[in-house]
Amino acid sequence: MENSTQPVLFVSHGAPTIALSNSPAAQFLSTLGDTLQKPKAIVVFSAHLDTRDNIEISAGPLPELVYDFYGFPQKLYEIEYPAKGAPELAGKIAGMLESAGIAASQKPDLGWDHGVWIPLSLMYPDADIPVVEVSISSRLGAAFNFKLGEVLAPLREEGVLMIGSGGISHNLREIFASPRDPSGVQKVEVFTEWVAEKLISGDYQSVVEYESLAPHASYNHPTSEHFYPLMTVLGASGNAKAERLHHSVEYDLLAMDAYRFG
């Protein structure tokens with residue numbers, strides 16, 4: 001039986017320790033896969049693969065995991081996620097992007113960063129679904145990343161689940177600051193609720209223009225790479241209705257919201 005059209009998801013992957021924790025966000029991700037029809041393949045747009053002018057696509061048959069973090073418990077570096085890659089799908093993605101005028105390169109040796117394998121290890125622990133990682137580009141801006149998703153939207157009809165993996169808020173410097181901004185918790189709450197209201201009401205254009213429209217945008221995202229995966233899934237959504245699947249906050253300032261579209 002052919003897979004029906006897949007939704008698109010945005011998940012906040014948080015700190016790598018989510019893979020070892022029993023936090024509300026970890027519990028949510030651990031049940032998320034069971035709420036979805038099993039996809040034929042998964043495409044992940046990760047905040048941690050942020051390229052400049054050329055979109056990169058993991059194209060190997062069995063990409064290695066990249067443990068791109070330091071100073072965490074040894075158990076994190078022992079996690080394995082032996083899902084297969086999907087070279088044929090990677091080639092199709094490259095062709096779709098190039099046909100739309102977006103420069104793209106297939107990378108057979110590209111490993112999966114923790115923005116890919118951390119959430120997938122919770123969502124699909126059996127690692128039995130092929131995965132392709134596609135970069136975002138913070139240098140090229142929000143509208144470009146929205147278009148990136150638009151171009152790849154037809155993959156949904158072929159049973160491909162597309163996931164943006166980033167963070168609804170991501171100000172790590174402030175998390176470790178001493179003293180912190182005394183209004184920081186409120187700034188995170190106001191920003192994340194603004195995003196929720198715009199998404200649920202279908203005002204996706206305002207979210208694309210968040211840097212000039214959203215309250216406390218620069219506080220919540222001093223750099224944009226963790227928010228731009230949301231732009232990409234908005235583009236891939238085909239204006240499908242947004243559903244807020246999860247909301248929690250870790251370390252007082254790291255919002256872990258997740259959304260489904262379609």
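Guide: A residue is called buried under 20% relative accessible area, exposed over 50% and partly exposed in between, using a 1.4 Å probe and protein chains only. Strands (E, at least two residues) and helices (H or I, at least four) are DSSP runs, numbered from the N terminus. The model is predicted, so local features need pLDDT of at least 70 and side-chain atom pairs count only at pLDDT 80 or more, while totals for chains, interfaces and linings use all residues. Residues are numbered from 1 along each chain as its sequence is written, and side-chain values use heavy atoms, with hydrogens and water left out.

Let us begin with strand 5. Strand 5 pairs with strand 2 (residues 41–50) in the parallel sense, over 5 bridges; strands pair if DSSP finds at least two bridges between them. Within this pairing, I42 stands opposite V131 of strand 5.

We turn next to helix 5. The axes of helix 5 (residues 142–152) and helix 11 (residues 228–236) come within 6 Å and cross at roughly 40°. Axes are lines fitted to C-alpha atoms, for helices over the stretch in contact, and angles between N-to-C directions run from 0 to 180 degrees. Helix 5 is therefore oblique to helix 11, since angles under 35 degrees count as roughly parallel, over 145 as roughly antiparallel, 65 to 115 as roughly perpendicular and the rest as oblique. From helix 5, the contact (heavy atoms within 4.5 Å) is made by A142, N145, F146, L148, G149 and E150. Helix 11 contributes Y228, M231, T232, L234, G235 and A236. These residues divide into 7 nonpolar, 4 polar and 1 charged. Here Ala, Val, Leu, Ile, Met, Phe, Trp, Tyr, Cys and Pro count as nonpolar, Asp, Glu, Lys and Arg as charged, and the others, Gly among them, as polar.

Helix 11 itself is largely enclosed by the rest of the structure, because 9 of its 9 residues are buried. The buried residues include P229, L230 and V233. After helix 11 comes G238, with a positive phi near 65°.

Helix 5 also packs with helix 3 (residues 87–99), at an angle of about 120° and with the axes 9 Å apart. These two helices are therefore oblique to each other. I93, M96 and L97 of helix 3 meet L148, V151 and L152 of helix 5. This contact has 6 nonpolar, no polar and no charged residues.

Not counting residues up to four places away in sequence, Q106 touches I57, A59, P87, A90, G91 and A94. The C-alpha atoms of Q106 and S218 are separated by 33 Å, and these residues are 112 residues apart along the chain.
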